[in-house]
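This report describes a single protein chain from its fold down to individual residues. Please read it beside the structure.

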Amino acid sequence: MNSEGGGSRNSFGNAFKSAGLKWTVSLCLADSDGDGQSNGLELGDPCCTWTKGATPNATTDVSDPTDGSKKTSRAACANPPASAAAAAAANLGLLAAAAVALLSVL
Ligand SMILES: [Ca+2]
């Protein structure tokens, strides 16, 4: 990664862009670098409860969610949010888009 910013976008950057440049539960639960730790766990939001402007759950022992060789020693969330809810919301969006498409044909 380029320390000046810019450069090619990594997997975390791509996931962040896909999420609309927002910190979402699915982005938090994802493991962009495939090291077995979620992005949220590595960035100090193990239970994916952080919202913009709030103080993160943890500000120490933060690791790089784009580097599989870097891990935090923080314990994973005991009761993480269900990603099913996020998936259901995405499906609902797809259904709505399909309904709109159908209506425009009728
Ligand atoms: Ca990770």
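The text below covers numbering and confidence, then the overall fold, the nonpolar core and selected residues.

The model is a predicted one, in which local features need pLDDT of at least 70, side-chain atom pairs count only at pLDDT 80 or more, and totals for chains, interfaces and linings use all residues. Residue numbers start from 1 along each chain as its sequence is written.

**Confidence**

The predictor's confidence in each residue is given as pLDDT, from 0 to 100. Its mean over the protein chain is 81, and 73% of the residues reach 70 or more. Among the elements, α3 has the highest mean, 94, and α4 the lowest, 61.

**Overall fold**

Helices and strands are DSSP runs numbered from the N terminus (helices: H or I, at least four residues; strands: E, at least two). By that assignment the protein chain holds four helices and zero strands, in the order α-α-α-α from the N terminus on.

Burial is counted from C-beta atoms placed from the backbone: a residue with 20 or more other C-beta atoms within 10 Å of its own is buried, one with 12 or fewer is exposed, and one in between is partly exposed. On this scale 18% of the 106 residues of the protein chain count as buried.

Two residues are in contact if their C-beta atoms, placed from the backbone, lie within 7 Å. Of the contacts between residues at least 6 apart in sequence, 40% join residues at least 24 apart.

**Nonpolar core**

A nonpolar core is a set of buried Ala, Val, Leu, Ile, Met, Phe, Trp, Tyr and Cys residues joined through C-beta atoms within 7 Å. The largest one has six residues: F12, F16, L27, C28, A30 and C48. Two or more of its residues come from each of α1 (11-18) and α2 (25-29). In soluble globular proteins, nonpolar side chains tend to be buried together.

Beyond its neighbours within four places in sequence, C28 is in contact with W23, S38, N39, G40, D45 and C48. C48 itself sits in the loop between α3 and α4, and it counts as buried because 22 C-beta neighbours lie inside 10 Å.

Most residues other than glycine have a negative phi. C48 has a positive phi, near 60°, and is not a glycine. D61, also not a glycine, has a positive phi of about 55°. D61 is found in the loop between α3 and α4, and it is exposed because 11 other C-beta atoms lie within 10 Å.

| Pair | Separation in sequence | C-alpha distance |
|---|---|---|
| N79 and P46 | 33 residues | 9.5 Å |
| P81 and C47 | 34 residues | 6.7 Å |
| T24 and T51 | 27 residues | 9.0 Å |
| E42 and A75 | 33 residues | 10.0 Å |

N79 is in the loop between α3 (39-43) and α4 (83-105). With 6 other C-beta atoms within 10 Å, N79 is exposed.

P81 also has its place in the loop between α3 and α4. P81 is partly exposed, with 16 other C-beta atoms within 10 Å. Leaving out neighbours within four places in sequence, P81 is in contact with V25 and C48.

T24 lies in the loop between α1 and α2. T24 is partly exposed, since 17 other C-beta atoms lie within 10 Å.

What does E42 touch, not counting residues up to four places away in sequence? The partners of E42 are Q37, V62, S63, D64, P65 and T72. E42 lies in helix α3 and counts as buried, with 26 C-beta neighbours inside 10 Å.
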